[in-house]
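Me: Please take one part of this model and go through it closely. Start with a single side chain, then move on to what else can be said around the metal and the open space.

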Amino acid sequence: MNESFDIDAMVDRLRDAAAGEDAPRRVRAIIEEVVADPDLLAAAVPHYGKDVVLFEDDTVSIWYAHFDPGKMVPAHDHQMSAVIGVFRGQERNNFYEADGEGGLRKSSDVVLGPGDVLSIGPSAIHSVACVSAVPCNGFHVYMGELTTVERSLFDVKAGKRLPFDEASYAALIGADDG
Ligand SMILES: [Fe+2]
């Protein structure tokens, strides 16, 4: 990691890695390198204050992620592998799996802080909550075109799968699934 950080250069490297063989592993290696100096990154990357899609095509979607304290993104899937790297704040990921009765149960959770990287498989279901007093920021890289793929949201308490759309999102937002 150099003194400075070039976000466009990172995007170029991630695009190259995602287009080739072994994309999730190669993308993870880049994200691990990038967030290895989280303080430098936090100082160098603009405070966008919201999610920003840095790049998307049919091989990769690269997001700058922003979560305000206390905010939770309801349980959802991606239908593609993903790599998450955090450089500011903390996010708690709850993971869910089918309970065999048509519903979901929480299977695990992990809190990611500055410098942490998490790889998620294509069938994983998770919710994400900012659990720090400061906003949580990171880079999220998905091995495909995230905004166009058909995905699901999940009402964990009701055991219901919903289409990933604005109405479902609005209905589930703010639900604390612990
Ligand atoms: Fe996600």
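Reply: Start at Ser132. Leaving aside residues up to four places away in sequence, Ser132 touches Pro69, Gly89 and Gln90; contact here means heavy atoms within 4.5 Å. This is a predicted model, in which local features need pLDDT of at least 70 and side-chain atom pairs count only at pLDDT 80 or more, while totals for chains, interfaces and linings use all residues. Residues are numbered from 1 along each chain as its sequence is written, and side-chain values use heavy atoms, with hydrogens and water left out.

Ser132 sits in the loop between S8 and S9. Helices (H or I, at least four residues) and strands (E, at least two) are DSSP runs, numbered from the N terminus. With a relative accessible area of 13%, Ser132 is buried. Buried means under 20% relative accessible area, exposed over 50%, and partly exposed in between (1.4 Å probe, protein chains only).

Now the metal. His76, His78 and His126 coordinate the iron ion, each through NE2, at 2.0 to 2.1 Å. Donors are N, O and S atoms within 2.8 Å of the metal (3.2 Å for Na, K and Ca); water is not among the atoms, so sites may look incomplete. Along the chain, the donor spacing reads H-x1-H-x47-H. His78 lies in the loop between S3 and strand S4 (82–88) and His126 in strand S8, so this pair ties together parts 48 residues apart in sequence. His78 counts as buried at 2% relative accessibility. His126 counts as buried at 2% too.

Asp77 is in the loop between S3 and S4. Its relative accessible area is 3%, so Asp77 is buried. The side chains of Asp77 and Gln79 are joined by a polar contact of 2.9 Å. The Asp77 side chain also reaches the backbone nitrogen of Ser152 at 2.8 Å. Beyond four places in sequence, Asp77 touches Ala124, Ile125, Arg151, Ser152, Phe154 and Arg161.

Gln79 is found in that S3 to S4 loop. It is partly exposed, at 43% relative accessibility. Its phi is positive, about 65°, although Gln79 is not a glycine. Most residues other than glycine have a negative phi.

Last, the open space. The largest pocket holds about 450 Å³. Its lining has 21 residues, with Trp63, His76, Leu146, Arg151 and Phe164 nearest the centre. His76 is also one of the iron donors. A pocket is an open set of points on a 1 Å grid over the protein atoms alone where a 1.4 Å probe fits, with protein on both sides within 12 Å along at least five of seven lines; lining residues have an atom within 4 Å of a point. Strands S2 (61–67), S3 (72–76), S8 (125–130) and S9 (136–142) each supply at least two lining residues. S2 gives the largest share, three residues.

Notes:
Grid points are joined across faces, edges and corners, and a volume is the space filled by probe spheres set on the points. A polar contact is a pair of N or O atoms within 3.5 Å; within protein, one must be able to donate a hydrogen and the other to accept it, and residues adjacent in sequence count only if both atoms are side-chain atoms.
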